[in-house]
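Please have the sequence and the model at hand while reading.

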Amino acid sequence: MKPDISPDPRGEVSMTAEADTCVVNARVITMDRDGTIAGAFAIRDGRFIAVGADQEILAAAGERTRVLDAGGAAVVPGLIDAHSHLEMLAYAWEVAVDVRSTRVGSVRDIVAVLEEAAREVPENEWILGQGEHYQHLKLAEGIYPDRHDLDRVSTRHPVIYRASYHINVFNSLALELLGVDDDTPDAPGGRIERDEAGVATGRTYDMFAPLNGPQAPVDVLAAAMRKAERRYSAVGVTAVGDIQLHTHALAALIQNAGSGDLRLRAVAYPKLPTVLSRDDVRSGALKERFAGIDRERLALGGVKIFLDGGLTAGAAALHEDYPQRPGYRGELAYTDEEVCRLVALADDNGIQIAMHAIGDRALDQAIAAVEALPAHRRGVIRHRIEHAGNMFMTDKRIRRMSEARIVPVPQPAFLLTTAVGYVDHLGSERIGTVMPFRTLIDSGLPVPGNSDAIGITAQQHNPFPAMQAAVERRASGGELLDEQEAVTAEEALRMYTTWAAHSIGLEDAIGSIEPGKAADFVLLSADPTAVAVTAIGGIEPTATWVNGKEVYNAGDA
C-alpha cells in the first residue's frame with residue numbers, strides 16, 4: 001500500500017473537453033522515462049491532460065481557458081523535498097531569535113542578542129535562540145554557551161540556545177522547569193553534559209524530546225508553518241515528505257490541511273515515540289487521525305524512529321571510538337531485536353518506517369532489520385534509512401541496501417554545510433567517500449532530493465544550491481569533495497522530482513509532467529540542465545503551481 005495521492009484513473013485524458021489552462025512557448029523538461037522535452041501542456045481539474053507542441057495543446061483551449069505564454073522559459077515538475085521539517089523551520093524562522101554566525105561572533109554576542117530579546121518577552125515565557133551546526137568552531141571562545149552564560153540572559157525566563165536539533169543548551173530556570181537535576185539519567189542515544197562535580201552544564205545532546213522540551217501552541221505553530229510553506233513555494237518546492245518530531249507539529253499539520261491552508265502536498269512521518277506510540281500504529285489510531293483529510297494535500301507516509309543521535313552532537317552510534325572521547329562510541333536507542341520489531345510493525349500495517357541512522361553501527365542495525373523481513377515482503381513497502389548515503393557507504397552496505405530494496409535518504413544540501421565537518425570530525429579514511437551519489441545511483445539506488453532543513457542556514461531548503469553541489473561537489477567554503485561522485489545536472493533534477501516522488505510512494509502521481517499526473521510545475525529563470533554548473537544554484541522560480549493553481553509568483557513577492 002502506498003501513502004498516496006492516487007493517479008488519475010483516466011490515464012491518457014480525453015481532449016474533447018476544454019482545458020482550464022494551457023502553458024505554451026516553454027521548454028518543458030518533463031522528467032518522464034524517455035527524457036522528453038516538450039513545448040507546451042494542458043491542464044484540467046488539477047491534472048495534466050496533454051503534453052506536446054504549442055498547436056496541438058492550443059487545440060484544447062476554449063473560451064474560458066487561460067493561456068499562459070511562458071516566453072521560452074524552462075518548466076520543470078514541481079520539486080519535492082523528501083525529508084523536510086516544517087515544524088523546525090517554523091521555529092527557526094518565525095519563533096526563535098536569530099543567533100546564527102551571520103549575527104554573532106562569540107558567546108558574549110549570543111548573550112547580548114538574547115538579553116535584548118528578553119526585554120520584550122513576558123516573564124516565565126520561553127526564549128529560543130537559533131544557532132547553527134558546529135557554531136562553537138566559529139565563536140571566539142571556541143565552545144558553546146552553558147547554563148551560566150544563558151543565566152546572564154535572564155533568570156526570569158527559561159532560555160534555550162539551539163545549535164541543531166541534536167544540541168540544545170538550557171539555562172538554570174529551564175533545567176528546573178524540565179526537572180533536570182544531578183540524578184537525571186541520560187536517555188538512550190542522548191546525553192546530559194556534566195562538569196567534573198557531576199553538575200549539569202546546561203548542554204544537552206539528543207535530549208530535547210526525552211526531556212519533554214517546550215512546544216509552541218498548536219495555533220501559533222500552525223501559522224508559523226504556513227509561513228514556512230510560502231518560503232518553500234518561492235524556491236519551487238510543491239511537495240514534502242515531512243517529519244514531525246513533536247505532538248504539536250502533527251496537530252498543526254492536520255489543522256492546516258483540514259482548514260484548506262496547506263499549500264504544499266505533504267506526506268507525513270510522525271516520530272515514534274514522541275508523537276505516537278506503537279499502539280497507535282497497531283490499533284489503527286494513527287491512520288484514523290488522517291481520516292476525512294484531502295489525501296491530495298496530506299497523507300500518512302509512515303513513522304520516523306531515531307536509532308542513534310547526531311554526529312554534530314557526538315551521539316551517532318559508531319563501531320569505533322570518537323577521536324575526541326576515547327572509550328566512547330555513542331549509543332543506540334534500541335536493541336537489534338527492538339528495531340526488527342518496529343520495522344515489522346510498520347510493514348505489517350502497510351506504512352513506511354524512516355530510520356534515522358548516522359553512525360556506522362546504527363546503519364548496520366537498520367539494514368539488518370529490513371533484511372530480517374520475509375523475503376517476499378522486502379520492497380513491497382519502501383522502508384527508508386535517513387542519512388544513509390552521507391558517509392560510511394562501503395560496497396558491502398550498498399549491496400545489502402540494494403538487495404533489501406531500502407531507500408537511502410542522504411542530504412545533498414549537507415555537501416554545502418556539514419560534509420567538511422564530517423571529514424574533520426572523523427577523518428576521510430574512516431568515513432569513506434563523502435556522499436557517494438554516483439556510486440549509489442549506479443548501484444540502482446535512486447537518491448531522493450531533500451534538505452533536512454531546520455533553519456540553521458537561510459537557504460538549506462532551496463533545492464537549487466544543493467543540485468549544484470551534487471554536480472559540482474564543492475562545499476560552501478570551496479572545498480572539493482570526492483569529485484568522482486558527481487552526478488549530471490539532469491540526475492540532480494531527477495533527485496528532486498521522480499526519485500523524491502519514489503521515496504515517498506508518489507511516483508505515479510507527481511514528479512513528472514505527464515498526462516494523468518497532478519499539475520504541479522515550476523517556471524524557472526534558467527534551465528538547470530543547460531546553464532553552467534556554477535549557475536545552477538542561482539536559478540530562481542518565477543512561478544510555482546500546485547494542482548493546476550498558481551501558489552507563487554515572483555512578480556507578486
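Helices here are DSSP runs of type H or I with at least four residues, numbered from the N terminus. The model under discussion is a predicted one.

Helix H10 covers residues 336–348, which makes 13 residues. From its first C-alpha to its last, H10 reaches 18 Å, close to the 18 Å expected at 1.5 Å a residue. After H10 comes Gly350, which has a positive phi, near 70 degrees. Which residues of H10 are buried? They are Val339, Leu342, Val343, Leu345, Ala346 and Asp347. Among the elements that cover these buried residues are helix H8 (278–283), strand E18 (302–306), strand E19 (352–356) and H11.

Helix H11 spans residues 360–371, and Asp360 lies in it. Asp360 is buried yet forms no salt bridge. Its nearest side chain of opposite charge belongs to Arg397, 4.5 Å away, whereas a salt bridge requires a side-chain nitrogen within 4 Å of a carboxyl oxygen. Not counting residues up to four places away in sequence, Asp360 touches Ala317, Leu318, His319, Phe392 and Arg397.

Strand E7 (residues 74–77) contains Pro77. Pro77 counts as buried because its relative accessibility is 0%. With neighbours within four places in sequence left aside, the contacts of Pro77 include Ile29, Thr30 and Met31, as well as Thr497, Gly511, Ser512, Ile513, Asp520, Phe521 and Val522. Pro77 and Val546 are 469 residues apart along the chain, and their C-alpha atoms are separated by 9.9 Å.

Conventions
Residues numbered from 1 in each chain as written. Predicted model: local features only at pLDDT ≥ 70, side-chain atom pairs only at ≥ 80, totals over all residues. Heavy atoms only, no water. Helix = DSSP H or I, 4+ residues; strand = E, 2+ residues; numbered from the N terminus. Buried < 20%, exposed > 50% of the residue type's maximum accessible area, 1.4 Å probe, protein only. Lys, Arg positive; Asp, Glu negative; His and termini not counted. Contact = heavy atoms within 4.5 Å. Expected span 1.5 Å × (residues − 1).
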